[in-house]
Amino acid sequence: MNIISTILFVIGVVILIFSLSLKTSNFPDVRKIFWEHFSVFKGNTLQLISIFIVPFLFSVGIVRIRCVDREILNNLNIVLSILIAMFFSTLSILCAFEDKNNKNLTYRQLLKETFNATIFEAMICLLLLFISFITLFIGEFEQSLYLQIISGSIYYLAIVAVLNILVIIKRLKVLFDNK
């Protein structure tokens, strides 16, 4: 990559991150979504470590075996497109669960947490898709530190996404059982 491309890319990423972090923007409040999702694991440190720290260990190990290439990214993009559509469908189902007459405070809290976990998961998948597209567009798949960092990020986010799907499935089951 040449220097001008790198500078433009960094400027674009900084502006995008800044615009996502503003509270009064048209983008979702990413900080609030992440904070609420992490608060679900309050009091359960082992589960928090299993879902967010262990994938880091896996991703470092996988990067040492194989970095991403065009084939991995193409397959990942197909899976991510399906998952993102599934999460948006899940959000519409969760909206139908909203029962104004339901006085069960625990049920409402679980519904809110499930809704937020689904949004969190969709955002992780969108971030993963964004990183995957950028990597495909750049097209440098020669072994380098850059490729190892990108591969580690992609592997980490993919594993976190899969583990968080298990959280959503568990919450959806409890919601369905208590409807």
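Predicted model: local features only at pLDDT ≥ 70, side-chain atom pairs only at ≥ 80, totals over all residues.
1. In which kind of crossing, left-handed or right-handed, does helix 4 pass helix 7? The crossing of helix 4 with helix 7 is right-handed.

2. Overall build. The protein contains seven helices and zero strands. Its pattern along the sequence is accordingly written α-α-α-α-α-α-α. Taken along the principal axes, the box filled by the C-alpha atoms is roughly 60 × 40 × 30 Å.

3. Burial and surface. The protein has 179 residues, of which 34% count as buried.

4. Contacts along the chain. Consider the contacts between residues at least 6 apart in sequence: 77% of them join residues at least 24 apart.

5. Helix 4 and helix 7. Helix 4 comprises residues 54–65, and its axis comes within 8 Å of the axis of helix 7, with a crossing angle of roughly 135°. Helix 4 is therefore oblique to helix 7. As stated in the opening point, the crossing is right-handed. On the side of helix 4, the contact is made by Pro55, Phe56, Phe58, Ser59, Ile62 and Val63. Helix 7 contributes Gln148, Ser151, Gly152, Tyr155, Tyr156, Ile159, Val160 and Leu163. Sorted by class, the residues of this contact are 10 nonpolar and four polar, with no charged residues.

6. Helix 6 and helix 7. Helix 6 spans residues 105–138 and helix 7 spans residues 145–177; the two pack at an angle of about 155°, and their axes lie 9 Å apart. An angle over 145 degrees counts as roughly antiparallel, so helix 6 is roughly antiparallel to helix 7. Helix 6 passes helix 7 in a left-handed crossing. The residues of this contact comprise 24 nonpolar, five polar and three charged.

7. A residue of helix 1. Is Ser19 buried or exposed? Ser19 belongs to helix 1, which covers residues 3–21. Its relative accessible area is 18%. Buried means under 20% relative accessible area, so Ser19 is classed as buried. When neighbours within four places in sequence are left aside, Ser19 is in contact with Ser25 and Phe27.

8. Helix 7 is passed by helix 4 in a right-handed crossing and by helix 6 in a left-handed one. The contact with helix 4 has no charged residues, whereas the contact with helix 6 has three.

Conventions
Residues numbered from 1 in each chain as written. Heavy atoms only, no water. Axes fitted to C-alpha atoms, helices over the stretch in contact; angles between N-to-C directions. Helix = DSSP H or I, 4+ residues; strand = E, 2+ residues; numbered from the N terminus. Parallel < 35°, antiparallel > 145°, perpendicular 65-115°, else oblique. Left-handed = near helix turned anticlockwise from the far one by under 90°. Nonpolar A, V, L, I, M, F, W, Y, C, P; charged D, E, K, R; others polar. Buried < 20%, exposed > 50% of the residue type's maximum accessible area, 1.4 Å probe, protein only. Contact = heavy atoms within 4.5 Å.
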